[in-house]
Amino acid sequence: MRKVCIIAGGMSQWGIRQATLREMFQEAGKACFEDNPMVTNKDIDGLIVASAYTERLATQTHLAPLIAESLGIKTRSVCARVELLCASGSSAIIMAYGLIKSGVADVVMVAGGEKLNTPQKWEAFYSQLCSVDHDFDGAHGLGLPPAALAMVAKLHMKKYGTTEEQMAMVSVKNRRNGINNPKGQFRECIDLNTAMCAKVVAKPLKLYDCCPLTDGAAAVILACEEKAKYLTDRPLVYIMGTGQCTLYNASANKVDWTSWEALRIASQKAYKEAGITPDHIKVAQTHDCFTISEIIEYEELGFCKKGEGGPFVESGQSDFGGKVAVNTDGGLLSCGHPFGGTGIRQAIEIMKQLQGRAMRNVEDAQFGLTQNFSGMIAAQTVLVYGREI
Amino acid sequence: MRGISRLEGKYAVTMDLYPPQGKEFTRIQPFFDNLRQNRFTTTKCKKCGKLSYPPRVICPECLSEDLEWVDLPKEGTVVESVVEEIGVPIGFETPLVLAMVEIPGAFTFIVRIINCKPGALQAGDKVRLSVFEVEPFPAEFGRETVEIARVYFAFEPVDPEKRIN
């Protein structure tokens, strides 16, 4: 099997955009090529596009050929769209990785994005009913996580003593990291008091505990090692391991809301393939759609013991200088969360961290990790990256 | 010129809050027929004994098609609840009360709580099935358009002190 490298990455501006989905994909593709001038659109033999709500909010299906056309890409190996809601981008990277590893494709652009802010604000909230089991959970008004994650937060607080302050600290940290990110939605620091006193969304989650609705796109280029050597002069960053686990979808079939077994399974597979343990990870981009999710992710990814995610952030272990720097580019809480774009944004940050050219570098990071959960905590996606030594 | 975005008198399947109903559109119509009789039911596999929720047409465990409809308890216990104050999907009113409810002997799921005094619901409270009519959908059969009546359900507090009647 061949080795697979990530050799370029770029983003459109993220936020509430005065732009259509295709325009943002063009911006992201251009930024990606500009990130590595040694690779051009003529070098790309495959395109995988990641987007979840394209039919509902951009009224566009058959998206990949449209994006290929708009970026001057003529594919030979693969041209298709991948959807796994909030993990669409990471899923597309896994698909491209598998195709390159096995020899079906050589140089693949993976582009993901979403147009969520439409003239009528309720469109996105309405579409969210389709993201859970529509007929049996969505019909109760259960859209995307606020309600479910608020319950998870309450249960985690009860069971492990996690506090609202500890949750707020995740937001304060990620907002601080995000001020360096010119492409992110929010670039203002917040202090603990602001986070604690913010408007309640669904108790105990307040405004700054929740990521926003975001328009934006991002793109990366993956290549087989042989081609990567000619298409970049930067240190090679490899995809070392992947895992994607789903155990149940409907709320009635969840076994434990505060213990995310699917994430343990997905991450253990990814670590095993990479030949590492959680201790090797010095930088990680995890799915902080809500502050409580980042806390539980520390635990299930093995960065700390189960139940100790709150003290982990409180003691600075997930910040620069701690055990593992988490969401160094600001995460979903700062950058925003255009579903299909998020996993790609995470990959770009890890690539830059491992090449030593991030906005703020984690010292001596050899391995990095990205993680997303999707739906109502129904699926977990993990990728481990490593740089050449 | 008037676009269709305002949906005057029209039905758009992409905008539908509730499951399709009527034997022409679903194979689990008994679930909705039973709801109409104030019964909360689901399917159980006669071969392996697996109780499924949501109800199925094929057992997700052993893939048998030999399933039977069984009654579930209509009363459950609140494990945890949440009041959603902003950002609820259109079609639902704020505050939207959702609860994790244990249906004894079956499963724990998230369900909407209606007729509930704001802030009254506590872990340990008993809640019970409450069935209501929802918007019918206009279905085309040949040149005829027929309104298909639909029902759905939520739970409500058992304690009259916590209920808005």
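Modeller: In chain B, B:Lys44 stands opposite B:Leu51, a residue of β2(B). The model is a predicted one. The strand that pairs with β2(B) here is β1 (residues 41–45) of chain B; the two run antiparallel and are joined by two bridges. Both belong to an open sheet of three strands in chain B, whose order is β2-β1-β3 and whose pairing is antiparallel. Because β2 (51–52) and β3 (67–71) of chain B each have a single partner strand, they stand at the edges, and one side of each is left without a neighbour in the sheet.

Chain A itself is divided into two parts: domain 1 covers 4–120 + 214–237, and domain 2 covers 143–210 + 240–383. Taken over C-alpha atoms, the centres of these two domains of chain A are separated by 23 Å. Between them, 35 residues of domain 1 of chain A are in contact with 31 residues of domain 2. The domain 1 side draws at least two residues from each of β1 (4–11), α4 (88–102), β4 (107–114) and β7 (216–224) of chain A. Here α4(A) gives the largest share, seven residues. This side of domain 1 of chain A has 20 nonpolar, twelve polar and three charged residues.

Finally, a helix pair in chain A deserves attention. The axes of α7 (residues 164–178) and α11 (residues 291–300) of chain A come within 8 Å and cross at roughly 95°. An angle from 65 to 115 degrees counts as roughly perpendicular, and α7(A) and α11(A) are therefore roughly perpendicular to each other. From α7(A), the contact is made by A:Gln166, A:Met167, A:Ala168, A:Val170 and A:Ser171, and from α11(A) by A:Thr291, A:Ile292, A:Glu294 and A:Ile295. The residues of this contact between α7(A) and α11(A) divide into five nonpolar, three polar and one charged.

Methods:
Residues are numbered from 1 along each chain as its sequence is written. Chains are lettered from A and ligands numbered from 1 in the order in which they are written. This is a predicted model: local features need pLDDT of at least 70, side-chain atom pairs count only at pLDDT 80 or more; totals for chains, interfaces and linings use all residues. Domain bounds come from an automatic or database domain assignment. Two residues are in contact if their C-beta atoms, placed from the backbone, lie within 7 Å. Helices (H or I, at least four residues) and strands (E, at least two) are DSSP runs, numbered from the N terminus. Ala, Val, Leu, Ile, Met, Phe, Trp, Tyr, Cys and Pro count as nonpolar, Asp, Glu, Lys and Arg as charged, and the others, Gly among them, as polar. Axes are lines fitted to C-alpha atoms, for helices over the stretch in contact, and angles run from 0 to 180 degrees between N-to-C directions. Angles under 35 degrees count as roughly parallel, over 145 as roughly antiparallel, 65 to 115 as roughly perpendicular and the rest as oblique. Two strands pair if DSSP finds at least two bridges between them.
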